[in-house]
Amino acid sequence: MSDLTLETVDRSGAIAETFDELTAGTRADFFRKAVIGGTALTAALETPALAQPRNTAKDIAILRFDLNLEYLQAAMYGEAERLGQIGPRTLDWSRVVGANERGHVRAIRGLLGRDAVKSPSFNFRGVTEDDRLFTETAVAFEDLTAALLKTQAIQVDSRHVLAALASLHSVEARHAAWIRHIAGIVPSADAFDEPTSKAKVVRLVDSTNFVTSVPRTKGRRRPGYTG
Amino acid sequence: MSEPLIQKATANHDPAVDEAGSSRGLTRGQAIAGSVAAGGALAAAGILAGGLPRLAVSKPSREQDARVLEWLLQVEYLQAGFYTEVERRGALRGELREFAVLVGQQERAHVNALERALGRNSSPKRPALDFGDATTDSDRFIPTAVELEEIAVAAFNGQVPNLTRPRVMTAMKIVSVEARHVGWARDLAGRNPAPQPADKPATQEQTRAAMNATGFIQ
């Protein structure tokens with residue numbers, strides 16, 4: 001098998017800036033909440049372990065984007081595990097990695113407190129029951145997530161958030177190496193893993209058409225797409 | 001890269017799993033299912049109740065960058081020394097050899113990158129190392145590789161928040177590769193490559209203790 005790239009999964013043109021819209025929408029939502037004042041701060045303080053300084057708007061936007069990416073991965077791997085149609089090694093992978101991504105969802109929700117967003121709805125369009133498609137998609141998601149977290153690591157304002165992202169980041173890299181090993185691709189192809197942009201991740205997510213609806217509190221709706 | 005070799009070497013590797021050393025006889029699937037249950041509990045109790053790193057750091061500065069990178073370089077010297085000796089002694093075969101050769105190249109590249117980042121004003125000391133038969137005995141090699149890679153991942157994760165932004169990126173680009181190594185090594189060993197949702201960072205003291213406990217540093 002040749003090395004998988006983002007392009008392998010990028011099989012349709014980008015349809016909508018789902019995730020971009022999502023973050024834009026939630027950013028507006030954040031400002032609305034900010035007017036209400038200390039509600040989110042109070043909520044955070046109610047959880048002693050997370051009694052950290054209030055997240056900045058930039059950190060909230062970054063964490064919300066990551067939360068959606070974790071929702072997507074957790075849902076995809078969880079569905080593959082439930083359906084049980086993929087190969088045994090890939091199924092082991094989806095079981096372990098699905099549990100980890102659910103852990104990431106909880107961790108990021110914990111960091112966001114009241115600023116957490118709800119999960120979008122997904123339709124995985126058969127990918128969760130086809131071993132080859134599942135593996136290719138998982139390689140792309142794990143490689144890209146690890147790459148995105150590097151970009152975010154130098155963007156976040158809070159060093160608490162940075163430390164948290166770092167401890168999730170290396171787990172995504174483990175996932176990537178493991179699924180590559182299963183696929184017979186070199187798990188660690190380069191001495192240095194390069195960062196990637198949010199735009200690239202958005203393009204990947206768009207290209208899959210996995211996101212079918214995005215929770216909204218207000219704003220215009222785009223026509224739904226049915227694939 | 002030589003994908004076919006990897007597939008071949010993986011095929012004849014023993015699938016029996018022993019994550020904690022106490023569950024012999026379990027199939028890989030059973031052992032992994034067990035560790036997922038444990039992982040779930042950790043996710044709830046660990047991540048949310050303080051498993052995410054606490055910080056006891058001073059404000060990042062160039063001076064602090066240099067101290068941190070010098071320290072991380074010691075971790076890289078240990079790894080690079082290990083794989084370089086594996087390759088030189090040439091006792092391993094199949095995918096283990098392939099792993100050691102590729103990972104060795106990458107660890108040496110990390111050493112070079114950190115030495116370059118530190119510049120000429122710094123003169124880091126290379127430790128004297130003795131790996132015994134861990135570099136020639138395939139039963140000892142892979143657990144040692146897992147251990148050294150775990151030490152590196154935890155050490156880098158612990159230092160990332162102490163660095164200035166340009167050096168955060170330097171460290172992230174390296175730790176990501178260390179995490180790939182540990183995932184690969186654990187899969188080769190039949191162990192769960194990603195047993196926890198978050199990698200616990202180590203302090204410098206914890207890393208030093210773990211490095212000394214290997215017995216490789218003279």
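Asn209(A) is placed in the loop between α8 (198–208) and β2 (211–213) of chain A; helices (H or I, at least four residues) and strands (E, at least two) are DSSP runs, numbered from the N terminus. This is a predicted model, in which local features need pLDDT of at least 70, side-chain atom pairs count only at pLDDT 80 or more, and totals for chains, interfaces and linings use all residues. Residues are numbered from 1 along each chain as its sequence is written, while chains are lettered from A and ligands numbered from 1 in the order in which they are written.

Phi of Asn209(A) is positive, near 60 degrees, although the residue is not a glycine. Arg125(A), also not a glycine, has a positive phi of about 50 degrees and lies in the loop between β1 (121–122) and α6 (131–153) of chain A. A residue is buried if 20 or more other C-beta atoms lie within 10 Å of its own, exposed if 12 or fewer, and partly exposed in between, with C-beta atoms placed from the backbone.

| Residue | C-beta neighbours inside 10 Å | Class |
|---|---|---|
| Asn209(A) | 20 neighbours | buried |
| Arg125(A) | 13 neighbours | partly exposed |

Chain B has 7 helices and 0 strands. Of its 218 residues, 44% count as buried. In helix α5 (residues 138–159) of chain B, 17 of the 22 residues are buried, so α5(B) is largely enclosed by the rest of the structure.
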